[in-house]
Structures are given as C-alpha cells and as structure tokens.
Amino acid sequence: MDASAEWYGRIAAAILYISISLIACGWLIPRLSPAGRALASVMLAAQALVAGAALFIEFPSGLETWLIHLNHERNIPAILSSLQMALVGFVALLIAWKLKRQPTWRLLYYVALGILFLFLAYDEYFALHEYLSDWIIVYGSVGALAALATLLVAWRSPRNTLKWHAILLIGLGLSATGAMLVPLFRDLDLCARLVFWTGSECMLFDFEESLELLGIWLTLVALLGQLLASPPLPSVRFHISTVAFSVSWLFFLYYADAFPPFESYPAHANIAAAHIEYESGLRLHGYRIAKHLHFFLSPGSFDFGGRGFNKLGYSVDLVDQVSGLSVLSRKQYVHRQFWVVTGSRYQPIYRQWIDLDRPSTLPVNHAYWIVLTLWREGDDIYRRQEIVASDHELLNDTQVILGEMVVPSISTTDASDNDLLVAFDNGFILDGFVAPQRAGAGRDLSINFSWRSQEAGRADHQQFLHFLHEESGEWWVHDQQPLGARLPTRLWYAGMADSETWQVPLPADLDPGRYSIFTGLYRLRDLERVPAKSAEGIYFADARVLLGSLEIE
C-alpha cells in the first residue's frame, strides 16, 4: 500500500482541525456564556488530542493502534464521538425545558432534536446502522428533515439567534458530509486521480471521521449559543448537570452490554445463534446466510485489542453432500472493522462477511453444505483451528457446517395440473414414471420418476415402493429419497422440476409372477404418510398410489 496516500489523508484532517480551531477560538467560543465556553473548549481540546494521537503517533502494538484509531468501533474516539452527540441531545432538551412557555412548535423542535441526537449517540458507539443495507438513504432523509425544520425555526426566531441556527446547519452539513458523502466519494474514479489513492482504495477515512467529529462539535456550539439567547441558567447548575449527564452516559455505554445478546436486536434480524469454540479460545457466536455469509467472531475474553486475530483467516466452502468434496472455496483474513453489541462487556465480537456468489458452472439441483474453516498463517503454512465445542454439526474436527443450499435450475416445465399423476398435500407433484414391463429376480430394476414442486420443502421425506404379488399377496418394499441424496426434499424449492432414475436391486429369491407397484411419500421425522390425490382431486386410500404392474421372471 502507498503509505504517502494515508499521510495525505492525515494532513488534510490536520488542516481541517487547525482551520476550525482558529475560527472557533477567534469568533465562536468567545460569544458563548462562560459555562458554554468551558464545555465547548473541553470537547474541542479532547477531540483534537485524540485525533492528533491517532493521526501522528505510531504505536508499538496493534492494541494501542486499535484503541485510538479514528475509523474503528467501540474505542476511545468512538466513546468521545458518542459523548459529544449525547451532549448535543442533552443541550437541545435543556433548551426545550427552558422554553416550556414558548409556542408548542418550538418546544417540539428541540425535543425532537434532543431525542434524535441521543439515538445517534447510541448508534455511533454500537454502529447498528451498519446492519441496514440502505442506512445512508434512511439517515440522509432524517438529516434533511432536521435541516428543513431548522430553517423553518430560524425563520420564526429572533434575529439574535440566526447566526446560531446558521452554525447549526453548517455543523449538520459537515457531519453528514463526513458520515455519508465522503464514503461514497471513495468509490469514485475521481479519487484515483488524487493523492489519496493507494492503488486499491481511497485513504480518506481520517478526513471523513474528522469532518464528522468537527461537524457535531459545531452543532454543539450552535446549541450552546441558542442556550445563551434563552433565559439564563446559572453556570454552577449548568456545570453540575453537564458533568452528571456525561458521567451517566459513559456508564450507560459501559453497562449497555448487559442488554440482551445481539441476536435479539431488530437490527440483527435473521441471525442464527451459534456456540462454537476453538482450541485457541476463538468463539463463533452467530451467523446470517444470504448473498453474503455474515458471522460474528470473538478472539476470546479480555482480548480487546483483537490480538487473537493476528494472521487469522477463514475459508468458506460449498461441499457436495454426496461426494463430500468442495466445489467452491473462498478465503480471506479476519478483520476488526465492526464490533457489535454483545451479551458480555468483557468479550468483543466482530462481524465478518464474505461473498457467496456462485459461478454458473455449479451443477443445479444439488445439495451443498456451507462449511466454515478457521486457520492461522505461520511459517508458510496454514494451520486449521480445531473445534473443541459446537452446537452445530461438524464435517470434521476443524470444519463446521453452518447451513446448506441448492443451486436452482432456471429451466421451466410445461407440465400442468391436468397432466400430473399424483399431487401430494405438501406441494410435491409426481408427473410420471417410466418402468419396464418385465424384470428378472436378482437384477436391478430401472425406474424413472419425474417430480416438480409447487412449494418449498420443509422436511425430509422418503419415497416408498411396494411390490404386491397378485397371487400370493406377499409384499416386498424399497424406500429411498425421491431425487436421491443429491437433493433431499427439505431443499426442494417452488418451481423445481427434475427427474431421477432409480436402480432398484431385486432380491434373487423374489417369487416369480405379476406384481402391482405402489408408491407414496412419508416424513422421516414421524413416519407419517403424506396424503396424495389424483388429477381429479380424489384421494388415494392409505396415501398409496397404484403405478402399474410388473412381471418378475
């Protein structure tokens, strides 16, 4: 990576801080009340100190680097940013309390602004928006509404408050630029022509995080200015209430990890819980399978720097359930970009994700396991991490099965309900079968079945064949999966159409004569037969369908 590109981003952030600080110290802060000057100065000094350390100090280990990095979650800058947003919300609610005899619309504006920033402060620390695919649209719309409401309030406010409303709009604009616009800019070709481009990415995260921090600080200053314009609040009472709120907010962030585990949050919908532990102390807590595989991994208790992730990587394989061979494998290293809400404040959990796009060359209508493997690089070898405890099925002692999938066929069938042979109540349809009229005992009987499904399968079923000797009344039976082990019925999907040729081994001592052949389906979990009916809607007795007859020689 081009190190100079990262330094250009740091220099741009430093210039931004110096410019805002000069303007603030020369024009903004002196116009605040003594209590407001103290709060604004402390917050600006704190973030300048943290940002300066993050931008220009090279730390000896990854732990210190992570703790101070501007673009990481749940560390010192994240705590400071969350506290600053919470103070914005606190001051907005304080203004609403002081203006309780003002018109209702003005009161509602400050209450809404306070609640909004308290939520944003919570979200800033726990990064819940990262689990919304369209979060930029949602948050951008909310920000636009806040800006519009500010303009309307400014239009109806006294002239001595207009400059503070203007500062508020500038602050909102800067924070929105840092949070939403600059990240979009990093993906544009224009960045490749600038000094921030490394050859693979645009190193602007220091600049965008600084924009966001300074934008929220300006928002805080603007509200402190509006607080000065409202009926005065004694400095001592303001200091005490501000310190009390700040301490309470920090305790709230700390004890928020005592809330229910992350899989119970709406933002983490469709998360499957998992409890998988590796020999090195690594733990897998949950996962979600869609276009991407998302899973939640912790390096171990008390490992806040994530040193347990050093040179750690993972592989995701699609393994054919019949052959046991991997047909697709993707690998990448573990990262510490997002630390999610957990059920234990002593165990950081990081979200990992990897693309699950499948090539068109994979065989369709085949069942595949989605298998996860953790490995660590060292001495030019990749040592797989042994699993010591798991509530999921294992492929072996280093590979866990997180799920299964099937590549659907895009072909369509012209069969209609009038052409079907049998319709089962679970949505499966047997369109037809092909079998010889004669067979020999001790040989294989070849029978072809054509199936389709109107609904997705939800359970494993077996198909039975019953051979009834028409003279003696003796039975012989054979059971197997309708489409074989390559596609269990639990993975059938709506619109599926396929066929399977069975090779049924006939016993050598099977009595000669004519046999009636019956078939049907039953669920494996309870051995209950699935009701079946003809194309005319007439149900078959005992859920058993007569297919025809066979002469055994």
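The legends below describe close-up views of a predicted model. Local features are given at pLDDT of at least 70 and side-chain atom pairs at pLDDT 80 or more, while totals for chains, interfaces and linings use all residues. Residues are numbered from 1 along each chain as its sequence is written, and side-chain values use heavy atoms, with hydrogens and water left out.

**View 1. Helix α4 and its surroundings.**
Helix α4 covers residues 76–98, 23 residues in total. Helices (H or I, at least four residues) and strands (E, at least two) are DSSP runs, numbered from the N terminus. From first to last C-alpha, α4 reaches 33 Å, close to the 33 Å expected at 1.5 Å a residue. The expected span is 1.5 Å times one less than the number of residues. Of the 23 residues of α4, 19 are buried, so the helix is largely enclosed by the rest of the structure. Buried means under 20% relative accessible area, exposed over 50%, and partly exposed in between (1.4 Å probe, protein chains only).

The whole structure contains 16 aromatic pairs. Rings of Phe, Tyr and Trp (its six-membered ring) pair if their centres lie within 6.5 Å; planes under 30 degrees apart count as stacked, over 60 as edge-to-face and the rest as tilted. One of the pairs is F245 with W249, which is stacked, at 6.3 Å centre to centre and 25 degrees between the planes. Both residues lie in helix α9 (residues 235–255), four residues apart, about one turn of the helix. F245 and W249 are both buried. They belong to one aromatic cluster together with F90, Y122 and F252.

Y333 is partly exposed, at 39% relative accessible area, whereas W375 is buried, at 8%.

Strands β4 and β5 pair in the antiparallel sense over seven bridges. Two strands count as paired if DSSP finds at least two bridges between them. V319 has S326 in β5 as its bridge partner. Five residues lie between the strands of this hairpin, where G324 takes a positive phi near 75 degrees. The structure holds one cavity of 30 Å³ or more, and the volume of the largest cavity is about 40 Å³. On a 1 Å grid over the protein atoms alone, a cavity is a set of points where a 1.4 Å probe fits but cannot get out, and lining residues have an atom within 4 Å of a point. Grid points are joined across faces, edges and corners, and a volume is the space filled by probe spheres set on the points. The lining of the largest cavity consists of V316, D317, L318, L328, R330, D355 and L356. Strand β4 (312–320) and strand β5 each supply at least two of the lining residues, with β4 giving the most, three residues.

**View 2. Mixed sheet containing β20 and β22.**
An open sheet of five strands runs in the order β15-β22-β20-β17-β18, with mixed pairing. At its edges stand β15 (438–439) and β18 (475–480), each with a single partner strand, so one side of each is left without a neighbour in the sheet. Strands β20 (residues 513–523) and β22 (residues 545–552) pair in the antiparallel sense over seven bridges, and T519 stands opposite V545 in β22. The charged end of R544 sits over the ring of F518, 4.8 Å from its centre. This requires NZ of Lys or CZ of Arg within 6 Å of the ring centre and within 35 degrees of the ring normal.

**View 3. Loop between β21 and β22.**
D542 is found in this loop and has a positive phi of about 60 degrees although it is not a glycine. A543 lies in the loop between β21 and β22 too, with phi near 55 degrees, also positive in a residue other than glycine. D542 is exposed, at 55% relative accessible area, while A543 counts as buried, at 10%.

**View 4. Antiparallel sheet containing β16 and β19.**
Five strands form an open antiparallel sheet in the order β19-β16-β14-β13-β21. Its edge strands are β19 (497–505) and β21 (532–533); each has a single partner strand, so one side of each lacks a neighbour in the sheet. Strand β16 (residues 444–453) pairs with β19 in the antiparallel sense over nine bridges. R452 stands opposite A497 in β19.

Technical notes:
1 Å grid on protein atoms, 1.4 Å probe; cavity = no way out; pocket = protein on both sides within 12 Å on 5 of 7 lines; lining within 4 Å.
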